[in-house]
Amino acid sequence: MPKPYYVTTPIYYVNDRPHIGHSYTTIAADLLARYQRLAGREAYFLTGTDEHGTKIAEAAAAAGKAPKEFCDEVVQHFKKAWSALSVEYDDFIRTTDRRHEEAVQKLLTLLNDARTDNGQTVIYPGVYEGIYCVGCEKFLTEKELVDGLCPNHKRKPEILKEKNYFFRLTAYLDRIKTLIESNELVILPDERRREVLGLLNQDLGDFSASRERVEWGIPLPFDPSQSAYVWVDALSNYITAIGYGSDETKFRKWWYDAEVVHLMAKDILKFHCIYWPAILMAAKLPLPETIFVHGFFTVDGEKMSKSLGNMIDPNDLVAQFGADATRYLLLTQYPFGADGDIQVSRLATKYNSDLANDLGNLVSRVAKMIVANFDSRVPTPVKNLEGLQELIESAEDVPDKILGHINKFEITAAIEEAMNLVRMTNRFFDTNAPWKLVKNGEKEKAGGVLYACSEVIRIAAIMLSPVMPNKSLQILSIFGLGKDHLRKENAAIFYHLEPGARVHFVESIFPRQDVSESKTEPSRKKTSESVDGLIDFADFGKLKLVVAEVLDAEKLSGSDKLLRLQIDIGEEKRQIIAGVAEYYSPEEIKGKKIVVVKNLKPAKIRGVESNGMLLAAKKDGRLCLVVPESDLPAGAIIS
Ligand code: MSP
């Protein structure tokens, strides 16, 4: 029997409504738990909310509410959003739950009594003085400030001096490093693992385990004038929810005996990959198996933020696309694990092409023909159809391939595997043209084509059920199959459907979207583009174009279209990724003078940073670089 599987999301701050950033992680965790269950494994999925700290107390005060009253209200938005997205968690922990507060106090008592390997106390009192941003809820370093202000909140940090109890992080850093290096503690993707190892090479000091000034928090059992530091409080949720300090059997099962996976984005990597393992070590508890850190996405190329007004409410997406399609669309916008961009304008187009056309049409074409020509009964299979053997082999391979991807957190690739099978079935349907066969009196053969298509639809529905749980069940119900059929073993064998079984036709599983207007466009600040498409001179002036020299060029591995260029723009050297590999070889472009936009926000292309964009002209399938006429030096400004 495989180990049980325990997957968690971060617990989200309740000073904000849920947006698609929170939804992304939560859907991914829900999907991972569902895939494990599909494969026959016991799984437990935990999410929740982080409700203590100054930031929450401030948000409550601004809303004219007591903190707990405020949290009780906001938490409902999270629960409703998760229900709207068909997220089925096993538990939802709130840091204001009694069970959590009591368990955190037990943990703090234990830590206060604990000793490091060389006999020092794990917790010790001290005085902390630092610059503290209330918005971030953390002390900042001078280096992090921009013009003396917190870069995130654009506000002046406070100088804070207070008694704190410190956690002796420094006693654990070497061991954490060894565990990460030897992959006993797995941090994925590798880029993030390297980032953590980089952090471990810097001078990390001990951290405060308590705060004096934060009233909205869990009091320290050994000094109630202090509150537990928010991160100690928050990180503990992963164990307090599964019975730490209250239900030993449950705790053993899901912490000691399970494969523990923490999922989050890179913003909170340090706390999860360094602080949390240290706390667990000090408490003599096992560490999680894997910390998977997915990327941060932008929306239409911009960071999501309240001030830009581009936060997308998951409920709006559900209203437009439904829960299942929203789950599908969010997780297929860019590879899971990488940084990426959610393009609102592409959602409806992708919905139409993947869901309405590829999957939805296949289901309705097949079911419709069975209803019309085979008296709504599953027809009899036929061997020797064009492409049948290949289709069967692909279908039977798909479940293992998908689960292989899932075990490597390749969610996007797993979904693509299922959708490729769907596309292959559409081609099989078109090649064998069952409607023509019926017309030509070859009804038996037409039945064979439809049987094969129904089988693949059944297999695809099972294997997509963690992504689209409701639609998958709806598809299975067309063939008279229910929830109990959702098991990987059922997907791994062809010829499962019983000929003669009743087929229930459903008009359209994914009704087409009108792409002429997107109802989900977030409200955003308008640019100064006028109705006739002309821009102001001032807008053009924002573009900084310079001459650059290509110092080095190479193909970007895994891409036929992209080159990685090292360029000199006069005052500095930079790397850009350019989509010119089909027109220029690295040797041809090396040494050329080109024109580059130098003030573009850095972007990640296939996980590689690109700092600028070169100019090229394209017509009738030809592309050439825009180059300065005379041999101007790198850095010359183009105006
Ligand atoms: N309360 C802490 C976490 C404590 S966990 C012990 C916190 N909360 S948060 O509300 O800010 O949530 C951060 C998390 O939300 C990210 O790690 C990620 O899971 C998710 N995301 C928020 N915005 C996101 C994007 N733009 N892109 C991807 N994930 C995003 O930090």
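This note reviews the ligand shell and the aromatic pairs of a predicted model.

1. Basis. Residues are numbered from 1 along each chain as its sequence is written, and side-chain values use heavy atoms, with hydrogens and water left out. Because the model is predicted, local features need pLDDT of at least 70 and side-chain atom pairs count only at pLDDT 80 or more, while totals for chains, interfaces and linings use all residues.

2. Ligand shell. There are 23 residues around the ligand, of which Ile11, Thr25, Asp50, Ala265 and Asp267 come nearest; a residue is near a molecule if one of its heavy atoms lies within 4 Å of it. By class, the shell has 13 nonpolar, eight polar and two charged residues. Here Ala, Val, Leu, Ile, Met, Phe, Trp, Tyr, Cys and Pro count as nonpolar, Asp, Glu, Lys and Arg as charged, and the others, Gly among them, as polar.

3. Elements around the ligand. At least two shell residues each come from β1 (5-13), α1 (20-38), α7 (230-235) and α8 (237-240). The largest share, four residues, is that of β1. Helices (H or I, at least four residues) and strands (E, at least two) are DSSP runs, numbered from the N terminus.

4. Ligand oxygen distances. A polar side-chain atom of Thr25 lies 2.7 Å from an oxygen atom of the ligand. For Ala265, a backbone N or O atom is 3.0 Å from a ligand oxygen atom, and for Tyr13 a polar backbone atom is 3.1 Å from one. The protein covers 94% of the 680 Å² of accessible area that the ligand has on its own (Shrake-Rupley method, 1.4 Å probe).

5. Aromatic pairs. Rings of Phe, Tyr and Trp (its six-membered ring) pair if their centres lie within 6.5 Å; planes under 30 degrees apart count as stacked, over 60 as edge-to-face and the rest as tilted. By this rule the count is 31 aromatic pairs. Tyr24 and Phe297 are edge-to-face, because their ring centres are 5.3 Å apart and their planes at 75°. This pair links helix α1 with strand β14 (residues 297-299), 273 residues apart. Both Tyr24 and Phe297 are buried (under 20% relative accessible area, 1.4 Å probe, protein chains only).

6. A stacked pair. The rings of Phe207 and Tyr275 have centres 4.1 Å apart and planes at 5°, so the pair is stacked. Phe207 belongs to strand β8 (residues 207-208) and Tyr275 to helix α10 (residues 269-282). Phe207 is buried at a relative accessible area of 5%, and Tyr275 is buried at 9%. Ring pairs join Phe167, Tyr172, Phe207, Tyr229, Trp231, Phe271 and Tyr275 into a cluster.

Technical notes:
A polar contact is a pair of N or O atoms within 3.5 Å; within protein, one must be able to donate a hydrogen and the other to accept it, and residues adjacent in sequence count only if both atoms are side-chain atoms. Buried means under 20% relative accessible area, exposed over 50%, partly exposed in between (1.4 Å probe, protein chains only).
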